[in-house]
Amino acid sequence: MLSRENNELICRVGPGTAMGKAFRRFWVPALLSEELPAPDCDPRRVQLLGEDFVAFRDSEGKVGVLDEYCCHRSASLALGRVEAGGIRCIYHGWKFAVDGTVLETPNVADPTFKDRFKARAYPVREAGGLVWVYLGPRPAPQLPDWDRFHSRGFKQVAISEVPCNWFQCQENSIDPVHFEWLHDNWSRVLRGQDGSRAPAHRRLGFDEFDYGFVYRRVREDTTEDDELWTTGRVCLWPNCLYTGHFEWRVPIDDEHTLSVGWFIDELPGETPFEQEEIPCWHAPFKDERTGRWIDSHVMNQDFIAWVGQGAIADRSMEHLGESDRGVILMRKRLLEDVDNVAAGRDPMGVIRDPAVNHSVYLPIIGGLSRPAPKDGPRPFPFLAGQPEEVTKDFEQAWRTCAAAAEKLTAGG
């Protein structure tokens, strides 16, 4: 179990909290790039780590993220107008650039007044269909360039808002046994299947590396020669699961989490394949007609389990067993990170050296270029609600690559 004091410490990520200070040392995906589709589009209100921000794309296409409340009289810039070069507050007309520079202060006689201060702005990057923001002290670290981002395949991003604390979502990332029960055995019940249970876990292993933990497992149907043990899967620090795709758990506030999934499907053959843009969509977690939680897909099942623990799980009431060893290691490492940040050191997983930050390796079962299934494109298994146009785009990409591969084979 975790003491009430340490549970509060890990779960609370708002301004000034110990865990919040540690979390702000990392880049976080804040919203989809397509939510700011064009220069001069309406600004977006964004909540991250218990704070309110405004995101906008200026007339040159640059994205800015500022504190939501105008530094003049605290009016909401989310209600502002995006104009040439910046965003204008609707209350008194002050105008700000993406870097927080005060461009205009109407009705102020002193022309140097606007040069004495700036709005609070944050480093922003666009990558992988997402807008990334760094909320911590400067200088900002490198935005990680993971090797999987460079793999050939059909990519897409899906996001959902989950009404619970970020940490019960992230503990899922180092909990191999839940696959056996939540995704296998419970799924069999949901499908009305009787009979034997899924293969049980016989051995678990957990190893820390530069960017988090690797968890390994041996089931009744595998041995230590299987990649589930030799390679394992990655609990990516501090708030992501990596299994060939990425699942970030981004705190909106202490009781709401933005689940950000970045997915890639392998395609047949080896001919070059590039997407003009990565499709992005919002994944529902409840059925609009019935109001019931959706339980048909892998991550939807995770959502149900997380929310079932309450808005913030009370870990002081737990009784942990051997299979929870990874969860215990994660909690211990997070508490160490809090101490490191308080002492002026970086937490685990931060990349500072630009020379290191190129196609950074993460362990993956099957390797980066895994063979596409031979029986054709498969339905998206992770989240319900994939838009029809995204499904069609994937199927078209599959057919195009399969035809190219067949032609190459025939020509050879």
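Colleague: Which residue stands opposite Ile87 in S7?

Modeller: That's Phe96. Before we go on, this is a predicted model, where local features need pLDDT of at least 70 and side-chain atom pairs count only at pLDDT 80 or more, while totals for chains, interfaces and linings use all residues. Residues are numbered from 1 along each chain as its sequence is written, and side-chain values use heavy atoms, with hydrogens and water left out.

Colleague: Okay. How many bridges join strand S6 to strand S7?

Modeller: Two, and the strands, S6 at residues 86–88 and S7 at residues 95–96, run antiparallel. Strands here are DSSP runs of E with at least two residues, helices are runs of H or I with at least four, and both are numbered from the N terminus. Two strands pair if DSSP finds at least two bridges between them.

Colleague: What's the strand order in that sheet?

Modeller: S5-S6-S7-S8, four strands in an open sheet with antiparallel pairing.

Colleague: Buried or exposed?

Modeller: Thr105 is buried, at a relative accessible area of 10%. Buried means under 20%, exposed over 50% and partly exposed in between, using a 1.4 Å probe and protein chains only. Setting aside neighbours within four places in sequence, Thr105 is in contact (heavy atoms within 4.5 Å) with Trp94, Phe113 and Lys114.

Colleague: Now the pockets. What's the volume of the largest one?

Modeller: About 1,200 Å³. On a 1 Å grid over the protein atoms alone, a pocket is an open set of points with protein on both sides within 12 Å along at least five of seven lines, a cavity is a set where a 1.4 Å probe fits but cannot get out, and lining residues have an atom within 4 Å of a point. Points are joined across faces, edges and corners, and a volume is the space filled by probe spheres set on them.

Colleague: Which element gives the most to the lining of that largest pocket?

Modeller: H4, with six residues. The lining has 45 residues, and His245, Val298, Arg378, Pro381 and Phe382 lie nearest the centre. By class there are 18 nonpolar, 13 polar and 14 charged. Nonpolar covers Ala, Val, Leu, Ile, Met, Phe, Trp, Tyr, Cys and Pro, charged covers Asp, Glu, Lys and Arg, and the others, Gly among them, are polar.

Colleague: What about the largest cavity, how much space lies in there?

Modeller: About 230 Å³, and it's the one cavity of 30 Å³ or more in the structure. Its lining of 22 residues has Phe26, Trp27, Pro144, Trp146 and Trp237 nearest the centre, and divides into 18 nonpolar, three polar and one charged.
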